[in-house]
Amino acid sequence: MRSAIRLDDLPLFAPESDLAKAVCGVNGKDWASLVPMLERQGFPQIDPLMGGRYVPAVRAWFDANNGLRKYPETADGQEDWGRWGKRRRA
C-alpha cells in the first residue's frame with residue numbers, strides 16, 4: 001500500500017496531479033472540477049514559468065480559508081517611536 005502524498009512532500013511548485021493527491025487524497029480525480037471554483041475564490045494560480053502552483057501559497061490559502069492564521073490580524077499595541085534607539089538603563 002502506497003503512503004499518502006502530503007503537501008510537505010511536494011516541491012515548491014507542484015504539478016496538478018500531485019496537488020490533487022495531496023489535497024484530495026483518494027478523491028484526487030475530483031480536483032479538476034474543484035479548481036475553477038477555488039480559483040474564483042482566490043486560490044493560487046499556476047505559475048506559467050514554473051509550470052505548477054506554489055505549494056506554500058496553496059497551504060496558506062487553505063489555512064486562511066479554514067480559519068487558521070499565522071499572524072494576528074489586530075495590532076499588538078501603539079508604537080512609541082520616540083523610544084527607538086535609546087538604551088534601557090537598569
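A quick word on terms: buried means under 20% relative accessible area, exposed means over 50%, and partly exposed is what lies in between (1.4 Å probe, protein chains only). This is a predicted model, in which local features need pLDDT of at least 70, side-chain atom pairs count only at pLDDT 80 or more, and totals for chains, interfaces and linings use all residues. Residues are numbered from 1 along each chain as its sequence is written, and side-chain values use heavy atoms, with hydrogens and water left out.

1. Start with D9, which is partly exposed at 48% relative accessible area. Its salt-bridge partner is R6, with the closest N and O atoms 3.3 Å apart; a salt bridge here is a side-chain nitrogen of Lys or Arg within 4 Å of a carboxyl oxygen of Asp or Glu. R6 is partly exposed as well, at 46%.

2. R59 bridges to D8, the closest N and O atoms being 3.0 Å apart. R59 sits in helix α3 and D8 in the segment before β1 (13-14), so this pair ties together parts that are 51 residues apart in sequence. Helices (H or I, at least four residues) and strands (E, at least two) are DSSP runs, numbered from the N terminus. D8 is exposed at 52%, while R59 is partly exposed at 33%. R6, D8, D9 and R59 are linked in a salt-bridge network, and the structure holds five salt bridges.

3. Have a look at R53 and E16, whose side chains form a salt bridge (2.7 Å, N to O). The pair links distant parts of the chain, with R53 in strand β3 and E16 in helix α1, 37 residues apart. R53 is buried, at 1% relative accessible area, and E16 is partly exposed at 24%.

4. On to helix α2 (residues 31-40), where W31, V35 and L38 are buried. Down the helix axis they fall within an arc of 70° (taken from the directions from the axis to the C-beta atoms), so they line one face of α2. The face turned away from that buried side carries exposed S33 and R40. Cover for the buried residues includes α1 (16-24), β3 (52-54) and α3 (55-65). After α2 comes G42, with a positive phi near 100°.

5. Of its 13 residues, L10, L19, W31, F43 and V55 touch the most other members. The elements giving two or more residues to this core are α1, α2 and α3. Beyond its neighbours within four places in sequence, L10 is in contact (heavy atoms within 4.5 Å) with I5, D18, L19, A22 and V55.

Conventions. A nonpolar core is a set of buried Ala, Val, Leu, Ile, Met, Phe, Trp, Tyr and Cys residues joined through side-chain atoms within 4.5 Å.
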